[in-house]
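Visitor: I would like to learn how to read this model. Please start with its parts, then go to detail.

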Amino acid sequence: ADLPELPPCNFKPDEYKGMSKGQMMEIRRQNCNPVTMKITYYKKPMFIHQGHMQWLWDVDGRRYLDLFAGVATVSLGHCHPKVTAAAQKQLKTLWHTTNIYVHPTLHEYCEKLASYLPDPLKVIYLTNSGSEANDLAMLMARLHTGNFDIITFRGSYHGGTQQTMGLTSNMPYKYPIATSSGCTHTMCPDVFRGPWGGSHCRDSPVQTIRDCSCAQGCCKAINIAFIHTNLCIITVTKIIFFDPTGHCMASEQYIGQLKETFATSVPSRIAGFFAEPIQGMGGAVQYPKNYLKEAYKLVRERGGICIADEVQTGFGRTGSHFWGFQGHEVIPDMVTMAKGIGNGFPIGAVVTTPEIAASFGKAYHFNTFGGSPIACAVASSVLDTIKEDGIQQNSHNVGTYLLTELAKLRDQHEIIGDVRGKGLQIGVEMVTDKVSRSPLSPEAMSEIFEDIKDMGVLIGKGGVYGQTFRIQPPMCITKEDVDFFLAVFNKAINNYVDRK
Ligand SMILES: Cc1ncc(COP(=O)(O)O)c(C=O)c1O
């Protein structure tokens with residue numbers, strides 16, 4: 001009787017008339033990649049039938065609030081009417097030609113996407129996935145620099161192909177084969193779980209519960225009011241900036257670790273450094289301010305190029321900026337993207353400088369489906385819709401509200417260790433207790449996770465120990481949806497504590 005009530009929704013899904021749940025599970029067992037049996041995600045699997053914006057319906061007609069967006073992918077909403085219309089229009093015109101012919105959709109899209117990136121990031125390669133984009137970026141970094149070694153963060157996820165598995169530093173995704181040749185992982189500057197971090201380190205409305213070890217006044221906050229105008233609606237947002245002359249001790253310590261990696265684990269010249277602006281699969285881990293700026297400088301001094309993996313953080317998800325790297329005040333030499341770029345349609349991209357692209361012209365690079373007319377029409381409509389629907393602003397407003405309210409729950413519950421993120425790229429790290437910061441066990445995480453689903457909300461899990469709940473919804477969600485989720489999350493934690 002005291003279950004939180006789903007916000008209303010006018011959309012009526014079709015009645016499900018497909019195969020039975022038992023039949024689907026049997027086919028999954030017999031004919032699908034066996035690993036998919038391990039990752040049905042829930043003890044009682046979700047059988048999804050239809051989606052509309054932030055809502056999903058299962059085959060029994062039950063509605064769920066989707067706060068995971070098919071792993072941070074459905075950026076604008078399931079079957080968003082504008083994007084669906086763009087796809088339908090293109091389906092009737094031209095499906096495929098390959099880019100050996102000149103067709104307008106690819107050129108319209110490349111020009112449009114390039115307009116969202118700062119100079120000199122203007123040359124675009126279209127792929128079909130994020131792994132493929134990162135694979136290509138590795139190749140280009142090596143060819144351009146003439147060096148081989150690439151550095152990424154521990155706990156990162158950059159893909160599952162044989163090459164990108166080397167970049168990825170997350171045990172469940174590693175196979176015992178020679179994938180890591182030339183890939184070295186440095187300490188992730190995680191200001192909650194790592195050895196250093198304080199209460200001013202990150203660019204988020206919510207800081208860690210740790211004390212700051214920096215000298216008094218060094219992480220001075222400067223409050224600035226920003227006025228956003230969006231389709232005649234004026235909103236005023238207060239953003240806290242940190243004094244750029246302040247030295248964050250945690251940042252310096254983690255940079256020290258990167259210097260150790262340079263001194264011990266790679267040759268004097270390297271090919272590149274991959275980093276997500278905010279880790280996704282790693283559990284929305286944020287780095288201390290200025291870390292990336294300093295890291296980029298050190299990488300470039302060693303001949304390497306800097307690659308921002310925006311597969312999860314791009315397209316307005318962080319709210320304050322269109323790209324995650326802009327929040328770190330850096331300009332990468334290459335940006336890789338996928339997931340939200342197509343609102344669920346398979347497309348990825350590598351964007352780089354004309355100079356780096358020129359080093360990649362000695363042989364042909366051919367990709368049958370990369371830049372297909374349908375993918376380009378969809379991705380073009382995604383860019384237009386982000387602007388027309390004020391999606392980035394919504395991500396900022398609703399995300400800031402969600403983060404701030406989650407921080408209140410963190411202060412009430414011993415097992416919520418950290419709340420972090422920006423916009424709608426959010427992590428909630430669960431612990432046994434706030435003093436030890438030990439990860440909550442996988443069994444406990446699953447119990448809470450299942451309970452949240454049973455109350456009508458889908459979220460994700462991440463972190464090296466699977467200890468972080470991930471909230472990366474379609475960016476159309478509302479404050480009403482957030483209030484519903486907060487009530488569900490609070491209840492699931494209380495239920496878990498009561499059962500113990
Ligand atoms: C940051 C990041 N990079 C790359 C990838 C790989 O993308 P895909 O699954 O499209 O190959 C992922 C996938 O989760 C990701 O999160």
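Guide: Domain bounds here come from an automatic or database domain assignment. On that basis the C-alpha centres of domain 1 and domain 2 lie 26 Å apart. Domain 1 covers 21–67 + 391–499, and domain 2 covers 88–195 + 245–388. This is a predicted model: local features need pLDDT of at least 70, side-chain atom pairs count only at pLDDT 80 or more, and totals for chains, interfaces and linings use all residues. Residues are numbered from 1 along each chain as its sequence is written.

Visitor: How many residues of domain 1 are in contact with domain 2?

Guide: First the general idea. Two residues are in contact if their C-beta atoms, placed from the backbone, lie within 7 Å. Here 24 residues of domain 1 meet 21 residues of domain 2 in this way.

Visitor: Which elements supply the domain 1 side?

Guide: Elements are DSSP runs, numbered from the N terminus: helices are H or I with at least four residues, strands are E with at least two. Helix H12 (391–412), strand S13 (416–422), strand S14 (425–430) and strand S17 (468–471) each give at least two residues to that side. By class, the side has five nonpolar, 13 polar and six charged residues. Ala, Val, Leu, Ile, Met, Phe, Trp, Tyr, Cys and Pro count as nonpolar; Asp, Glu, Lys and Arg as charged; the others, Gly among them, as polar.

Visitor: Which residues come nearest to the ligand?

Guide: A residue is near a molecule if its C-beta atom, placed from the backbone, lies within 6 Å of it. There are 15 residues around the ligand, and Ser129, Gly130, Ser131, Gly159 and Val311 come nearest. Helix H6 (residues 130–145) gives the most to this shell, with three residues. The shell divides into five nonpolar, eight polar and two charged residues.

Visitor: What is the overall fold made of?

Guide: The protein has 14 helices and 17 strands. Its radius of gyration, taken over C-alpha atoms, is 22 Å.

Visitor: Is Leu3 buried or exposed?

Guide: Count other C-beta atoms within 10 Å of the residue's own, all placed from the backbone: 20 or more is buried, 12 or fewer exposed, in between partly exposed. Leu3 has 11, so Leu3 is exposed. Leu3 lies in the segment before helix H1 (21–31). Its C-alpha atom is 7.8 Å from that of Val488, 485 residues apart along the chain.

Technical notes. Rg over C-alpha atoms; globule rule 2.2 N^0.38 Å.
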